[in-house]
Amino acid sequence: MSLSETYGQWSESAAAVLAKSRRVDVADLPGTPTELLSTPIPGGLTVRPLYTRLDETPEPGLPGEFPFVRGADRARDVVLGWRVTERFADDDTAASAVNEQILDACANGTSGLWLRVGEGIDADGLGAALAGVYLDLLPVTLDVGADVAAAEAFLRVLEQAPAAPQEAAPTVATTHSLGLSPLTAAFSGRPGVADSDAVALAVRVADGAHADRVRTLCVDGLDFSGGGADPVTELGLVVAAGVAHVRALVDAGLTAAQALRQITFAISVTDDQFGAIAKLRALRLMWARVAEVLGVPDAGAAVTHAVTDLAMFAQRDPWVNMLRSTVAAFGAGVGGADQVTVHTFDAAIPGEERTSKPAFARRIARNTQLLLLEESNIGRVLDPGGGSWFIESLTDDLADAAWAVFTDVENRGGYSAALADGSIAQRVADALAQRDAAVAKRATPVTGVSEFPNLDEPALSAAASTATDLPGAAPNLARVARHFEALRDRADAVAAAGERPAALLIPLGPIAEHNGRTTFIANLLAAGGIAAINPGPVAADGIAALTAEHSPRVAVLCGTKARYADEGPAALAAAREAGIDRIYLAGPDKEWPDADSPPDGSLRAGIDAVAVLTDLLDLITDSARTGATA
């Protein structure tokens, strides 16, 4: 039997199951099994339910060879794997203290450095901060903000560094990045050097002694992803910014090959495991195509630094961030990132509010990668996802969609023109709105925040919960959990002043019947900081006593459709007579038996939970204030 015939059999069987579950004939299904079982993902892409040899794509070549899908470095040390790159000096620590931190980290597994130049380390302090570091072995990435002099100072440090006992030849893995990001920083609002200064320095580096080991410009995708860009938008804008840099460098006198080799890429990775893998592979494919169009395909190896996206980090239940980071680091490693940075699990919390010691948080972040490398051996195989029908298809789909974004930017006159006319900001804003809608409806769950929240968790201060100046984050950072966390902050403030906002559950029938819905409602309410009062099974004649005991302003009827038919109208009438302001139904509206006298609304899967919980807090807290005043 041929593969197409086997696939046809699967389709027929799947259609029969779908028709049975929907209680319709196969001919009445609204689409094919593939269409009905496919999952839309951000960026307008679709994940199909099944990938077979029918989805096989041509072999993408070897690592280090055009089109570089399988990696930029053909000579990567499979024992060392990717570079575990740790960020330093965000807290303005003095250069000598940073040097101690760096040397200790390197002795414990760090193999790449990301160094912020600021108040603690200025241009003159770079040498002291990097004393004892073998700069031919460890790649250094700078975050100099608007201080181009610091980037120039690093070049002097390279020139004055003592010769290593045995000099290592430059490779992709040991490439230094001066980290100048004028184009992407102009979007996010990060401090950045002038584009003309960055281009001038890149020209000097390309024509100087360090051309084979230093890259000047960094196209930073986190400036887009932190503001809400989905992977398609991030990749398209990253390539557009990269091409704008290439044009400026060529206009300044460099060859296309020299220009391409002055650029590195910083790319966000999240807990979307396969998305992270495909994103890095797709970027290399797209950048190789740019190099091919320029006539220098061999110069199109994109050097990538994958960074866990601070937008995915939650302030509430921050320990879950360890799990998010592990998945993100796995995706980055399998996707072939040359360097990977895992932010500390408490990175979304301002420093003064963190309860864990910095050394502990750093060690956990570092060991997240070291366990993947040294225990799971993820780095020992280059492009382990290569050949997977799903990963190869997702890579191509992502690259095609992102290329359409890039070409649209080009049609508008290029990156700078699209930035000026607001179209880039609109793209990112549209992606953020779609993401926020999915989070609000809990279609995109945030563990510990919108799902399984812990109401007994210590509250953050108001200043901490509203802080946006997080180390390593751009000013436009829009964290995924921020709207739910704002509700929690609001409820915690009420609880600190008196009593936590609460709603009364009215469970109908035995526990076995209502437990699923009472659990769902309690979880939903807790996502907004509202406690659920669950007295156990209640009959209509017991509601008045419960209301007198708890004085609830909001109640939720919880039961099965059959139980609603038997006991619902009486329970609703009793709750209204007891003076409860608003009464909800747990489950779909259609389960209520009396259309002439329905509850005030329904709480079910798919609602805009942020809007509903905001409305509930308005009602409960306003009522509480009114009662206190009276």
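Contact here means heavy atoms within 4.5 Å. The legends describe a predicted model, in which local features need pLDDT of at least 70 and side-chain atom pairs count only at pLDDT 80 or more, while totals for chains, interfaces and linings use all residues. Residues are numbered from 1 along each chain as its sequence is written, and side-chain values use heavy atoms, with hydrogens and water left out.

**View 1. L115 and its contacts in the largest nonpolar core.** Leaving aside neighbours within four places in sequence, L115 is in contact with F88, A89, V98, I102, I121, L126, A129, L130, T141, L142 and D143. A nonpolar core is a set of buried Ala, Val, Leu, Ile, Met, Phe, Trp, Tyr and Cys residues joined through side-chain atoms within 4.5 Å. Buried means under 20% relative accessible area, exposed over 50%, and partly exposed in between (1.4 Å probe, protein chains only). The largest core has 116 residues, and L115 is listed with L126, L178, L180, F265, W287 and Y415 as having the most contacts inside it. The largest share of this core, 11 residues, comes from α9. A second, separate core of 48 residues includes A491, L508, A586 and W592.

**View 2. L158 in helix α5.** Helices (H or I, at least four residues) and strands (E, at least two) are DSSP runs, numbered from the N terminus. Helix α5 covers residues 148-160. L158 counts as buried because its relative accessibility is 7%. Beyond neighbours within four places in sequence, L158 is in contact with L135, H176, H210, R213 and V214. V214 is 56 residues from L158 along the chain, and their C-alpha atoms are separated by 9.8 Å.

**View 3. Helix α11 and the residue G295 that follows.** G295 has a positive phi, near 85 degrees.

**View 4. The largest pocket.** On a 1 Å grid over the protein atoms alone, a cavity is a set of points where a 1.4 Å probe fits but cannot get out, and a pocket is an open set with protein on both sides within 12 Å along at least five of seven lines; lining residues have an atom within 4 Å of a point. Grid points are joined across faces, edges and corners, and a volume is the space filled by probe spheres set on the points. The largest pocket has a volume of about 990 Å³. It is lined by 35 residues, of which P42, T270, D271, R435 and T444 are the closest to its centre. Elements giving two or more residues to this lining include β1 (39-41), β8 (263-269) and α11 (273-293), and α16 gives the most, with 4 residues.

**View 5. The second largest cavity.** β6 (176-180) and α6 (182-188) each supply at least two residues of the lining.
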